[in-house]
Amino acid sequence: MRNIALLALSMTVSTAAAANVAGTQTTPLNMRVQNVCITGYTSPEYNGAAGLSRTWSAVNLNTLGGGVVSAVRNVTTPAIRALGVDCNHRTALTIAPIADITMTRDTSGGGQPYTFQIKGAAWSPTNPWSMAVSNGATGTMNRSMGNGNTMTYQYYERLVSFKLGGAGSDLNTAWSVPGGNYTGNLVVSFNYDE
C-alpha cells in the first residue's frame, strides 16, 4: 500500500505543467511626419506640385460689381475667394493681413501713369476704394474616402469683397483718379510650421 502511494505521488510530480515564462524584446522607433499645405482646388485635385503658390483667374471688378465705377457711381461686388489652402490635420496656418492693393493705370495707349490703392478700410467718400476681408469655410473638414474611412484635414479660406467708386459728393477723393484701365494684384501671404 505504501509503495502504491509513493508511486502515485511520483507520477503527480512528474506530470505537473512547466512554469510559463514570458519575455519581450523592444525596438524603439521614431519618425517625423511633416505638416504640408497645398493650394486647394488644384487640377488634378490634391496636386502637391501645385505647391504653395497659385494665381487665380483674373477678375474684372466692373463685371463682378455689375456696373461702371466713377466719381459719381460705385459698385459693390460679391465676395471672391482670395485664398484656399488644404493642410493636413491640425496644421496651424498663419495668414497675414491682406495688404492694400496698388492699382496701376494702363498707359500702353498713351496717357500719364497713375496709381491708387484699394484699402482694407470701410468705404466712405474719402476712402472710395475699399475692400472687406472675411473667413470662408475655414476649419476642420471631414471627407469620406468611399471605403468606410474618413479623411480629416484643415482648410483655410479667405474671401474679399469690394466697394469701389465715389458718391459724387464734396470731399470725394474718387474725383482724383483719372479715367482708364487699371490693374493690380490681390495677394494673400501665409506660413505654417512644417
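Trainee: Is Arg 81 buried, exposed or partly exposed?
Mentor: Arg 81 counts as partly exposed, because its relative accessibility is 32%. Buried means under 20% relative accessible area, exposed over 50%, and partly exposed in between, with a 1.4 Å probe and protein chains only. This is a predicted model, where local features need pLDDT of at least 70, side-chain atom pairs count only at pLDDT 80 or more, and totals for chains, interfaces and linings use all residues. Residues are numbered from 1 along each chain as its sequence is written, and side-chain values use heavy atoms, with hydrogens and water left out.

Trainee: Which residue forms a salt bridge with Arg 81?
Mentor: Glu 157 does, with the closest N and O atoms 3.0 Å apart. The structure holds one salt bridge, the term being a side-chain nitrogen of Lys or Arg within 4 Å of a carboxyl oxygen of Asp or Glu. The pair links distant parts of the chain, since Glu 157 is in strand β9 (residues 150–165) and Arg 81 in strand β3, 76 residues apart. Strands (E, at least two residues) and helices (H or I, at least four) are DSSP runs, numbered from the N terminus.

Trainee: And Glu 157, buried or exposed?
Mentor: Glu 157 counts as buried, because its relative accessibility is 8%.

Trainee: Switching topic. How many disulfides does the structure hold?
Mentor: One. Cys 37 and Cys 87 form it, with their sulfur atoms 2.1 Å apart; the cut-off for a disulfide is a pair of cysteine sulfur atoms within 2.5 Å. Cys 37 lies in strand β1 (residues 37–39) and Cys 87 in strand β3 (residues 80–88), so the pair ties together parts 50 residues apart in sequence.

Trainee: What is the torsion about the S-S bond?
Mentor: About 110°, so the disulfide of Cys 37 and Cys 87 is right-handed. Both cysteines, Cys 37 and Cys 87, are buried.

Trainee: Which residues in the largest nonpolar core touch the most other members?
Mentor: Leu 93, Phe 116, Ile 118, Trp 129, Met 131 and Phe 162, out of 26 residues in that core. A nonpolar core is a set of buried Ala, Val, Leu, Ile, Met, Phe, Trp, Tyr and Cys residues joined through side-chain atoms within 4.5 Å. Strand β3 gives the largest share of this core, five residues.

Trainee: What does Ile 118 touch?
Mentor: Not counting residues up to four places away in sequence, the contacts of Ile 118 include Leu 61, Met 103, Trp 129 and Phe 162. Contact means heavy atoms within 4.5 Å.

Trainee: Which face of β6 is Ile 118 on, covered or uncovered?
Mentor: The covered face of β6 (residues 115–118) holds Phe 116 and Ile 118, while Thr 115 and Gln 117 are on the uncovered one. Strand β5 (residues 101–105) pairs with β6 in the antiparallel sense over four bridges, where pairing takes at least two DSSP bridges. Met 103 stands opposite Phe 116.

Trainee: How many aromatic pairs are there?
Mentor: Two. The rings of Phe 116 and Trp 129 have centres 4.7 Å apart and planes at 40°, so that pair is tilted. Rings of Phe, Tyr and Trp (its six-membered ring) pair if their centres lie within 6.5 Å; planes under 30 degrees apart count as stacked, over 60 as edge-to-face and the rest as tilted. Trp 129 is buried, with a relative accessible area of 10%. For Phe 116 and Tyr 182 the centres are 5.1 Å apart and the planes at 65°, so the pair is edge-to-face.

Trainee: Which residues form the aromatic cluster?
Mentor: Phe 116, Trp 129 and Tyr 182 form one cluster.
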